[in-house]
Every structure is written in structure tokens, then in C-alpha cells.
Amino acid sequence: MILATASAIAVAALAPVSVTASSGPVTATVTAIGAASENTITDATGIRLTIARGDAIAFHGPLRPCRFGCAPEDPSGGRFLELNAADLDGDGDAEVLVDRSDGFTPCCTLETAIMRRDPFTGEYRELDRHWGESYRIVDIDHDRRRELLTGDLRFYERFAPRIAGFQLPTKILQLRSGGLVDVTRRHPGVVRRHIRSLDRLMRSTDAIADGRREGNRTIARAALRPQLAAYTAEERLLGRRAVGDRRLARELRRHHVSAPFRRALLRFLARTGYR
């Protein structure tokens with residue numbers, strides 16, 4: 001699920017609006033002051049969520065104030081809101097997802113409220129998640145338990161400013177009884193595909209850094225740092241630490257990265273569980 005930018009929506013005069021999403025017996029409706037288009041609301045304030053199961057109302061009220069992407073004057077609102085309903089855990093009962101972001105840089109100001117029904121009490125509980133960039137709902141292994149595919153936010157702007165570009169290691173989460181669980185290592189095929197993409201990107205960046213291709217060599221060297229960080233992290237996810245370390249050593253020999261960067265990256269990988 002990828003958020004569109006607010007500029008892509010024809011913004012009408014702000015007024016009371018509502019959007020709806022359904023899955024099975026669950027129908028979710030968000031009402032707010034804003035401008036609506038399909039399942040999105042821009043400049044949303046005064047948000048209230050209603051969840052109906054058949055003809056019965058199971059939840060009605062505001063969401064918690066969000067920390068990322070919400071307007072300071074209304075922390076329960078959002079510059080850009082998107083509503084979806086999907087069965088994430090394969091139990092036949094859809095969860096309701098409300099995305100809120102600033103609508104312009106969703107990379108790091110995107111937060112989702114996941115509304116999940118307690119099977120024992122029937123009450124809906126809110127689980128909030130701040131994403132690394134966007135996220136997608138996928139069923140990777142076709143077992144009816146869906147995964148949330150995103151990136152590891154801890155790497156964002158860690159080794160280079162955003163202007164140089166950023167890459168994040170793949171992170172795959174799954175909704176379980178205790179909340180969202182990291183299941184990235186259980187899906188090596190997804191990680192391998194992202195590694196191949198990073199490899200192509202690094203080859204292109206290397207060519208600019210070496211002067212073999214046109215481009216700003218200084219920016220290319222800066223851009224290579226987050227690319228290498230994501231690459232070496234993902235090789236560790238696959239149990240191929242030596243492969244990532246060799247790539248890192250090669251870039252050091254070519255003077256594309258520095259020894260202090262290499263030391264800082266290795267310490268960071270160990271600290272964040274990429275061993």
C-alpha cells in the first residue's frame with residue numbers, strides 16, 4: 001500500500017466528509033473535516049472512526065494522537081489520511097488500518113493505526129506503527145497470513161543526508177497475538193531480490209564515483225554509504241556476512257568510503273542485531 005502525495009488529489013473546500021473501506025462483515029468509516037477522494041482525506045481534522053460488523057457498531061471514537069505526520073494543531077488529525085480494511089492474521093476477521101502522514105514526505109512521517117478486534121471481549125484495540133518509508137500488505141507465502149513489507153527506519157539518514165539518497169534494509173512484519181513480529185529472516189527470497197536491486201544501484205553509483213559515468217562524484221560517494229549499509233545488513237540476514245564484508249572492503253580499497261565509516265557501520269550493524 002503506497003500513499004499518494006496530497007498534490008495528486010484535487011483539493012476542494014474543506015468540509016465534513018467521510019470515506020469507507022470494507023472487508024467481509026467489517027465496514028470502517030472515517031469522518032473528518034477535510035477534502036475526500038476515494039478512501040483518502042487530505043487536511044483531515046476532527047477524525048472519528050466507526051467500525052461496524054454487520055448492522056452492529058463495534059467501535060466509534062477518535063484515534064490516539066499520532067506522533068508522525070499529524071498537524072501540531074490537531075494531533076489526532078493528519079495532512080493525509082488513507083483508510084483500508086484487510087485480514088492481516090488470516091483469522092477471517094479484517095483489521096482496520098488508518099494511515100496518517102504529512103502527505104509530502106511519507107518516508108519518515110507515516111504512522112498507521114491498526115484497529116484489531118479482541119476475540120474474547122469484542123472490543124477493538126489500537127496498535128500504532130511508525131514506518132521506515134511506505135509499506136505494503138502482501139501474502140508472501142500464500143498462507144492467508146499477510147505480511148507488512150517495509151524498510152528498517154533505523155538506517156534512515158544514519159550514514160548520509162537524505163539529499164544523497166537513502167536505502168533501507170528490508171523489514172517484514174506479521175501481526176500476531178502479541179502485536180507485530182519481525183519475520184524478515186523467514187522470507188529470504190524477498191531479501192535476495194532487494195539485494196540484487198541494491199547491487200545494480202551500487203554498480204551505477206560506483207561508475208559515477210570513479211568518473212566512468214557522468215555525475216557528481218562527491219554526491220555519489222555520499223550516496224554509496226547508505227547503499228552499502230543496507231546491502232551489508234541484508235547479506236547478514238541471509239547468513240552471508242562475509243559477502244557483505246568483502247564488498248565493504250573493496251569499496252574501502254577504492255577510496256569510495258573511509259575507514260571510520262566502515263568501523264561505524266560494523267558497530268551499528270552489531271548493535272541493531274545484524275550479525
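1. Which order do the strands of the open sheet of 4 strands follow, and is their pairing parallel or antiparallel? In this predicted model, the order across the sheet is S9-S10-S11-S12, and the pairing is antiparallel. The edges are taken by strand S9, residues 136-138, and strand S12, residues 179-182, each of which has a single partner strand, so that one side of each is left without a neighbour in the sheet.

2. The pairings made by S10 can be followed residue by residue. On one side, S9 and S10 run antiparallel and are joined by 3 bridges, and Arg136 has Leu149 of S10 as its bridge partner. S10 also pairs with strand S11, residues 170-176, in the antiparallel sense, here over 5 bridges, and in this pairing Glu147 stands opposite Gln174 of S11.

3. The burial of S10 deserves a separate remark, since the strand is mostly covered, with 5 of its 5 residues buried. Glu147, Leu149 and Gly151 point one way from the strand, whereas Leu148 and Thr150 point the other way, and buried positions are found in both groups.

4. The loop between S10 and S11 contains Gln167. Is Gln167 buried or exposed? With a relative accessible area of 17%, Gln167 is buried, because the cut-off for that class is under 20%. From Gln167 to Tyr156 the C-alpha to C-alpha distance is 7.5 Å, while the two residues are 11 residues apart in sequence.

5. Turning to the pockets, the largest pocket has a volume of about 320 Å³. Its lining is made of 17 residues, and those closest to the centre of the pocket are Arg116, Arg117, Asp118, Pro119 and Ser177. Strand S7, residues 111-117, and strand S8, residues 124-130, each supply at least two residues of this lining. Sorted by class, the lining of the largest pocket holds 9 charged, 5 nonpolar and 3 polar residues.

6. The second largest pocket has a volume of about 200 Å³. Of the 13 residues in its lining, Glu133, Arg136, Leu149, Thr150 and Gly151 are the closest to its centre. Two or more lining residues come from strand S10, residues 147-151, and likewise from helix H1, residues 188-210; the largest share, 3 residues, is that of S10. By class, the lining of the second largest pocket has 6 nonpolar, 5 polar and 2 charged residues.

7. Which side chain makes a polar contact with the side chain of Arg53? The side chain in question is that of Asp93, and the distance for this contact is 2.7 Å. Asp93 is placed in the loop between strand S5, residues 78-86, and strand S6, residues 95-101. Although it is a loop residue, Asp93 counts as buried, because its relative accessibility is 12% and the class takes in values under 20%.

8. A last point concerns Arg213, which is found in the loop between H1 and helix H2, residues 217-237. At 45% relative accessibility, Arg213 counts as partly exposed, since the value falls between the cut-offs of 20% for buried and 50% for exposed. The C-alpha atoms of Arg213 and Arg146 are separated by 42 Å, and the two residues are 67 residues apart along the chain.

Methods. Residues numbered from 1 in each chain as written. Predicted model: local features only at pLDDT ≥ 70, side-chain atom pairs only at ≥ 80, totals over all residues. Heavy atoms only, no water. 1 Å grid on protein atoms, 1.4 Å probe; cavity = no way out; pocket = protein on both sides within 12 Å on 5 of 7 lines; lining within 4 Å. Points joined across faces, edges and corners; volume = space filled by probe spheres on them. Nonpolar A, V, L, I, M, F, W, Y, C, P; charged D, E, K, R; others polar. Pairing = 2+ DSSP bridges. Buried < 20%, exposed > 50% of the residue type's maximum accessible area, 1.4 Å probe, protein only. Polar contact = N/O pair within 3.5 Å; in protein donor to acceptor, adjacent residues only side chain to side chain.
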